[in-house]
Every structure is written in C-alpha cells, then in structure tokens.
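Let's take a friendly walk through a protein model together. Have the sequence and the 3D view ready before you start.

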Amino acid sequence: MLLRNRFLYCCALAALLAFLSLSSFSFFSRWLPVSMQLKTPVHVLPGLPVRLVPIAPEREGALTAKNRKRIMPDLLTEPSAPDPLYEANLYCNTPGVAERSMEGHAPHNFKLLSVQVMIRHGDRYPLYAIPKTKRPDIDCVLEPDRDPSHPNLADFISHMTKGSEAQMDGTLSSLPRYPSHSLCEMGELTQTGVVQHLYNGQILRENYLKKHKLLTKDWTAKQVYIESTGKSRTLQSGLALLYSFLPGFDWKKISVKHQWSSIFCSGHCDCPMRNHYLEEEQRRQYSYRIKNAQLEKTYIDMAKVVGVPTKQLRASNPIDSLLCHFCHNVTFPCTKNGCINIEHFKTIKAHQIEDERERHEKQLYYKYALLATYPLLNQTVSRMQRISEGKKAEAFALYSAHDVTLSPVLSAIGLTEARFPRFAARLVFELWQNTDKPQDHYVRILYNGEDLTFQTSFCREQERRSSRPLCPLSKFVNFVKREMFSALNSTSYYDACRQKMF
Ligand SMILES: *[C@@H]1O[C@H](CO)[C@@H](O)[C@H](O)[C@H]1NC(C)=O
Ligand SMILES: *[C@@H]1O[C@H](CO)[C@@H](O)[C@H](O)[C@H]1NC(C)=O
Ligand SMILES: *[C@@H]1O[C@H](CO)[C@@H](O)[C@H](O)[C@H]1NC(C)=O
C-alpha cells in the first residue's frame with residue numbers, strides 16, 4: 001500500500017515536472033485520451049476502411065468523398081457505441097475528405113470585426129519509439145507530387161525559403177520553416193500535417209477574406225497577431241495556415257511571438273491549485289487504467305512481442321506510435337516473437353475513449369482547465385472588448401499550439417461533447433457587430449468548422465430560441481471575468497490559484 005502510494009506520488013510529480021518543463025507536450029499527451037464522443041456532429045464521415053496492409057505509397061487522395069452526404073445518406077449515422085477505429089480515423093484527419101465549415105456565417109446585417117484561431121499542429125511523426133522495433137518509414141521531405149498534396153504546396157515551399165525577413169521571437173528564428181528529413185525526426189511535422197493546415201488556411205481565406213473582407217489587400221503588421229510554442233511543428237503549422245490564408249504574404253509584415261508555455265499562460269503561470277488539480281486528475285487516470293484488465297493484458301502481450309518489460313513498453317507510450325502507423329497506412333511493427341496487431345490498437349484506443357468519459361464525470365480536469373486556460377481566454381476576451389470599444393487590436397490572431405492547449409479550452413468553456421483535438425484541429429472565436437445597433441456585439445465559437453456557440457456553458461441552446469441570433473459578447477465576458485472563478489468558489493484568478501488546499 002505504502003509502495004503504491006509512493007508510486008502514485010512519483011507518477012504525479014514526474015507528470016507535473018514534465019508538464020511544467022519546456023518539452024512537456026509529449027508527456028501530457030501520453031496521459032490524455034485521444035478521443036471522445038460527439039453525439040450530434042454536423043458533418044459525419046463514414047468509418048474508413050481499416051488500414052493494416054504493409055507499407056505502400058500513400059493514396060489518401062483515394063479517400064476523397066465528394067458529397068458523401070448526398071450520395072450515401074444512410075452511412076451518415078454514427079456507430080451507436082464509440083468505435084475505436086472510427087475515432088482513430090477522425091483523429092488522423094486525413095486530407096481530402098470534404099467538410100462543411102460554418103465559419104463566417106451570420107445574418108446579413110452583421111459585420112465581422114475579428115477572428116481568433118487556436119490550432120493544434122498537423123500530423124506529426126511519433127514523439128516516442130516503441131523499444132526494439134523499427135521506426136515507421138515516413139518521409140518528411142515535402143513533395144508536391146506525392147499524396148496527400150495541396151495546390152499551394154509548391155508555392156508554400158518556395159515562399160518559406162525566403163522568410164529571413166520575418167520577425168521571430170527568440171528561438172523561433174532558428175527553427176526550420178518547413179519539414180525536410182527523408183526519415184522524419186521524432187515529433188516532426190509531416191507532409192500530411194502541412195497539407196492539413198494549407199486546407200485550414202484555405203477555408204479561413206474563403207470565409208473571412210473573400211466573403212467578409214476581414215483584412216484588405218494592404219493589411220498591416222498591426223492587424224495580424226501570431227503566437228507559437230517553440231516546437232518546429234507548431235511554427236510550421238502556423239506558417240502553412242498563414243500561407244493559404246494570405247498567399248504570398250509579405251514577410252516583413254509577419255512577426256511571430258514565442259510562447260514557452262503549452263497552455264499559453266505567459267506572465268501568469270504561477271498557479272498552485274492548477275497543479276494540484278492536474279495531479280489529482282493524473283491519479284484518477286492511473287487508477288482508472290489499472291482497473292482495466294483487458295488493457296493490462298494487452299500491454300503484457302505487446303511487451304512479449306517486443307521483448308521488453310511491460311513497464312518499459314507502457315512508458316514508451318505505444319499508442320502514439322501506433323496511431324502514426326495507422327494514420328499513414330503502415331503495418332504495425334513485428335519482431336521474431338510476432339506482431340503488434342489491430343486488436344492491441346483497438347483496446348488501447350477504446351480505453352482512451354472510456355477514460356475521456358470518466359474524466360468528464362469526475363470534473364478534476366474541468367477544474368484544472370478553468371485555471372489553465374484563464375490567461376489565454378482572458379487575452380481572447382480582452383482583445384474582443386478592445387475592438388468592441390473602438391480601440392486598436394488585431395483583426396486576426398493565430399495561436400499555434402498543441403492538444404494540451406486546445407483540450408482544456410474545450411473543457412473550460414463547457415464543450416463537453418467535443419472530441420479530443422485531432423491533428424490540425426482548429427478552434428475559432430469570431431466577433432461580430434450588429435450594424436443596425438452598433439453597440440451590440442456578438443461572439444461565435446467554432447470547432448473544426450462546426451458552430452458550437454450554443455453548446456458553450458455561457459450560451460446554452462435556449463439562447464438560440466430567443467430573438468438573438470448569436471451569443472452576446474457580454475455573456476462571454478461575464479464568463480471569463482466572473483463565472484470561471486465562481487465555479488471554483490472564488491472571485492479572482494489570483495484567489496482561485498491559491499485557495500487553501502484541503
Ligand atoms: C493501404 O495500403 C494498401 C497496400 O499495402 C493499399 O491496398 C490500400 O489501398 C491502402 N489504403 C489506403 C487507405 O490508402
Ligand atoms: C487579463 O487581461 C487584462 C487585460 O488585458 C490584463 O491586464 C491582465 O493582466 C490579465 N490577467 C491575467 C491573469 O491574465
Ligand atoms: C464549492 O463549494 C460547494 C459548497 O460548499 C462545494 O460543494 C463545491 O465542491 C466547491 N467547489 C470547489 C471547486 O471547491
């Protein structure tokens with residue numbers, strides 16, 4: 001018992017230290033599930049074929065589903081119980097599947113004033129190798145002729161080679177602006193990842209620049225805000241999105257702020273209660289995991305295949321690597337003892353989905369999320385307020401980040417049905433003005449193109465039935481300035497961070 005408690009404590013402490021350190025993203029992802037249920041998605045993709053077959057040229061273009069909705073309407077019903085392979089396919093976010101995006105939709109008398117976008121980086125090479133197995137053979141050199149590709153890919157590469165005039169904070173200036181290794185490095189953005197964000201940028205361009213003229217041709221450096229963590233995959237993802245959003249942009253107008261914290265807490269990171277809730281959440285996760293006998297058996301099985309102790313196998317976070325095999329249609333690793341197989345993969349993935357559900361029930365993560373995301377949401381809402389008061393602020397802001405950035409934001413604003421951030425996930429905050437009543441400002445919140453405004457805790461469904469077509473900005477402001485703390489029995493960020501612990 002004592003030993004176990006000590007082990008738990010060490011786990012939590014290690015987790016915490018890893019989380020707080022610069023290279024934390026990876027560790028946290030290991031603990032956090034990758035997917036969850038969404039009961040009423042706007043766009044539903046039929047489960048894609050299971051991909052198990054050996055290394056072959058990627059043919060993701062073949063997955064393109066032009067208007068599946070019209071052609072095969074009965075495939076639109078989602079599996080009733082969460083299907084791990086279906087979920088894994090959504091997580092991969094393979095380019096080429098047509099998607100309906102609701103960004104920029106508002107009544108004709110509404111004017112778009114600003115857009116703030118938080119993205120997760122695109123598809124990347126695993127952060128960990130499975131011990132004693134061959135790493136998946138994936139090429140991170142960008143090749144416009146190889147699938148998946150995007151019409152802007154060749155121009156993107158050429159534009160990135162000219163970027164020396166950009167203002168990049170600190171270490172960002174020393175990072176490569178696009179991926180380039182013929183065997184991807186650990187954590188490196190892949191061509192798939194670049195293409196995913198070229199598509200994101202294209203969608204934002206259509207909806208915000210072409211339809212709503214959010215920025216004019218002669219936009220200035222002051223209108224665009226960009227912030228990225230210090231990883232090459234986030235910087236490169238941000239640049240890819242930006243390139244499709246503003247093709248051929250003038251590098252002299254670009255400045256990228258470096259964010260050292262994966263939760264973007266900038267100068268407000270000191271928050272003991274946040275760490276406390278994170279430790280509690282990790283304890284919950286640990287005890288939930290050891291209760292799952294099938295999962296334990298799967299790890300033991302896999303460890304035998306690989307030929308290392310179970311503990312070592314588990315510590316190598318095999319699901320991260322297996323997802324990469326899965327998303328890239330590369331066979332799972334084999335050794336002389338056998339192969340890791342799809343059943344192993346399904347068991348771990350299914351556990352992640354169940355864990356995500358338990359995580360919501362227990363609310364520890366929610367409390368962590370409120371504290372973790374306050375500085376970022378405060379910045380988001382402050383920018384909206386400044387603009388609504390007619391003061392100067394950026395019309396377009398881009399935060400290029402990680403799953404551990406987006407996931408707590410979703411939790412904090414009450415989007416409990418939203419899936420865990422897939423590769424190249426995008427979360428958008430729009431600010432609108434009613435031109436008939438210029439004092440009235442509204443927000444819309446979209447996740448992967450889907451309008452979730454009325455699923456947030458501060459603007460639930462009933463709002464829609466009232467005469468207001470969108471969510472009033474005041475509700476969002478009130479949520480960030482007050483409700484986030486009242487949920488923690490507190491009145492300010494400072495107090496909520498320093499409550500008496502027990
Ligand atoms: C995966 O690879 C196999 C060949 O090894 C190929 O037949 C199959 O079409 C590929 N699947 C996808 C979705 O690309
Ligand atoms: C919240 O935003 C305001 C206005 O930008 C700023 O002055 C304040 O320091 C921020 N507080 C935190 C904790 O981020
Ligand atoms: C806030 O106070 C209520 C009532 O005292 C309690 O039930 C709840 O757990 C508290 N919440 C937090 C986050 O401490």
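## The chain as a whole

What you see is a predicted model. The protein chain has 502 residues, and buried residues make up 57% of them. Its secondary structure consists of 17 helices and 11 strands.

Now look at how parts of the chain meet. Among contacts between residues at least 6 apart in sequence, 81% join residues at least 24 apart. The accessible surface of the protein chain is about 21200 Å², and carbon and sulfur atoms account for 54% of it.

## The disulfides

How many disulfides does the count come to? There are 6 disulfides. If you count the bonded cysteines along the chain, the pattern reads 1-7, 2-3, 4-5, 6-12, 8-9, 10-11.

Start with Cys92 and Cys327, a disulfide whose sulfur atoms are 2.1 Å apart. Cys92 sits in helix H4 (residues 84-92) and Cys327 in helix H11 (residues 318-327), so this pair ties together parts that are 235 residues apart in sequence. The torsion about their S-S bond is about -85°, so the disulfide is left-handed. Cys92 and Cys327 are both buried.

Next come two right-handed links. In the disulfide of Cys265 and Cys269 the sulfur atoms are 1.9 Å apart, with 105° about the S-S bond making the link right-handed. Both Cys265 and Cys269 are buried. Cys334 and Cys339 also form a disulfide, with their sulfur atoms 1.9 Å apart, and this link is right-handed with 100° about the S-S bond. Are Cys334 and Cys339 buried or partly exposed? Cys334 counts as partly exposed because its relative accessibility is 44%, and Cys339 counts as partly exposed at 38%.

A disulfide needs sulfur atoms within 2.5 Å. With a relative accessibility of 4%, Cys324 counts as buried.

## A histidine inside a helix

His197 belongs to helix H6 (residues 191-210). Its relative accessible area is 0%, so His197 is buried. Beyond its neighbours within four places in sequence, His197 is in contact with residues that include Ile119, Arg120, His121 and Gly122. Ser237, Ala240, Leu241 and Ala424 are also among its contacts.

## Around ligand 2

Which residues surround ligand 2? They are His268, Tyr374, Pro375, Asn378, Ser382 and Tyr493. Helix H13 (residues 364-388) gives the most to this shell, with 4 residues. By class, the shell has 3 nonpolar, 3 polar and no charged residues.

Look for oxygen atoms of ligand 2 facing polar side-chain atoms. One is 2.4 Å from an N or O atom in the side chain of Asn378. For His268 the distance from a polar side-chain atom to a ligand 2 oxygen is 3.4 Å, and for Ser382 it is 3.4 Å. On its own, ligand 2 has 360 Å² of accessible area, and the protein covers 54% of it.

## Around ligand 3

Lys367, Ala487, Leu488 and Asn489 are the residues around ligand 3. This shell divides into 2 nonpolar, 1 polar and 1 charged residue.

Asn489 has a polar side-chain atom 2.2 Å from an oxygen atom of ligand 3. Of the 370 Å² of accessible area that ligand 3 has on its own, the protein covers 37%.

Note on methods:
Residues are numbered from 1 along each chain as its sequence is written. Chains are lettered from A and ligands numbered from 1 in the order in which they are written. This is a predicted model: local features need pLDDT of at least 70, side-chain atom pairs count only at pLDDT 80 or more; totals for chains, interfaces and linings use all residues. Side-chain values use heavy atoms; hydrogens and water are left out. A residue is near a molecule or strand if one of its heavy atoms lies within 4 Å of it. A polar contact is a pair of N or O atoms within 3.5 Å; within protein, one must be able to donate a hydrogen and the other to accept it, and residues adjacent in sequence count only if both atoms are side-chain atoms. Accessible areas come from the Shrake-Rupley method with a 1.4 Å probe; for residues, only the protein chains shown count as cover. Ala, Val, Leu, Ile, Met, Phe, Trp, Tyr, Cys and Pro count as nonpolar, Asp, Glu, Lys and Arg as charged, and the others, Gly among them, as polar. Helices (H or I, at least four residues) and strands (E, at least two) are DSSP runs, numbered from the N terminus. Buried means under 20% relative accessible area, exposed over 50%, partly exposed in between (1.4 Å probe, protein chains only). Contact means heavy atoms within 4.5 Å.
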